[in-house]
Amino acid sequence: MIKPAKPARENISPSDLTFGLSTCKRCLWIKYWYKVTMPGAFPLVGTMAALQEEHFQGADMPTIDPSLRPGKVSKWGEWVKSKPLVVNGTESRWRILGKYDLVSTNDDGTIGLIDCKVSDSQRDSGQFYSPQLEAYAYALENPAAGKAQSVASMGLLVWRPTTAIGSNANEYGFGVMQKYVPVERDQTNFLQVIGEFIEVLEGELPDAGSECQTCTYLVARNALD
């Protein structure tokens, strides 16, 4: 496969820092240099995420979790873009571009960052999602335009569906167990992950991931021709 003179996209999605490197570096490389991805079908994800974000608009942060600083959820579903990322002292072509879920304005002038999840996965831990949230924090603290903000807290707000509720066709719904998972700031780890990420992108086409379902399917499919 010939590497183009310029990547098809130079904006790094925060979620790719969580799922891209751990899934398949080959698919990740193709995504950024050719803008080709395997179609995915997650019909309820967007709807559930929108409902969760809407529910907490204007909420007092300590009501979400007592550990959070006094403040209110003031922004939701907004795009953020960073300055060019600096790796090992050198400015790269790559930037962070993503849409966060919830941001609070705290009474002390700082902000809080919350990523909403509707999930029953055991991997919903702060460590697993740390690079993704640090990417949003980096963009907020190093914006391509506008005033830099200080991110004082990051966390996951997880809804785990537990029960069906309602008594007639107009009132059915799902009950959820809510859990706030604090994510400690770890800029050192973020810089290490983003450095590895950019190293993969700037290199040649990587080998397929051993557990990549997309690559496994394509190999099996091509063998039938």
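Buried means under 20% relative accessible area, exposed over 50% and partly exposed in between, with a 1.4 Å probe and protein chains only. The model is predicted: local features need pLDDT of at least 70 and side-chain atom pairs count only at pLDDT 80 or more, while totals for chains, interfaces and linings use all residues. Residues are numbered from 1 along each chain as its sequence is written, and side-chain values use heavy atoms, with hydrogens and water left out.

**View 1. The whole chain.** The protein chain has seven helices and ten strands; helices (H or I, at least four residues) and strands (E, at least two) are DSSP runs, numbered from the N terminus. Its C-alpha trace spans about 55 × 50 × 25 Å along the principal axes. Of the 225 residues, 40% count as buried. Contact means heavy atoms within 4.5 Å. Among contacts between residues at least 6 apart in sequence, 67% join residues at least 24 apart.

View 2. Strand β7 covers residues 102–106. Four of its five residues are buried, so β7 is largely enclosed by the rest of the structure. Two strands pair if DSSP finds at least two bridges between them. Strand β2 (residues 71–76) pairs with β7 in the antiparallel sense over five bridges, and G71 stands opposite N106. β8 also runs antiparallel to β7, joined to it by four bridges, with T105 opposite I111. Four residues lie between the strands in the hairpin of β7 and β8, where G109 takes a positive phi near 95 degrees.

**View 3. The surroundings of N106.** N106 is in strand β7 and counts as buried, at 5% relative accessibility. The side chain of N106 makes a polar contact with the side chain of S104 (2.9 Å). A polar contact is a pair of N or O atoms within 3.5 Å; within protein, one must be able to donate a hydrogen and the other to accept it, and residues adjacent in sequence count only if both atoms are side-chain atoms. Leaving aside neighbours within four places in sequence, N106 is in contact with M61, R69, P70, G71, I111, G112 and A152.

**View 4. The open sheet of β1, β6 and β3.** Three strands form an open sheet in the order β1-β6-β3, with mixed pairing. β1 (11–12) and β3 (79–81) stand at the edges with a single partner strand each, so one side of each has no neighbour in the sheet. β1 pairs with β6 (residues 95–99) in the parallel sense over two bridges, and the bridge partner of N11 in β6 is R95.

**View 5. The largest nonpolar core.** A nonpolar core is a set of buried Ala, Val, Leu, Ile, Met, Phe, Trp, Tyr and Cys residues joined through side-chain atoms within 4.5 Å. The largest one has 38 residues, and I12, L85 and L113 have the most contacts inside it. Helix α5 gives the largest share of this core, eight residues. Leaving aside neighbours within four places in sequence, L113 is in contact with residues including Y100, L133, Y136 and M154. Apart from this core lies another, of twelve residues, among them M61, L68, I114 and L157.

View 6. C24 counts as buried at 3% relative accessibility, and C212 counts as buried at 3%.
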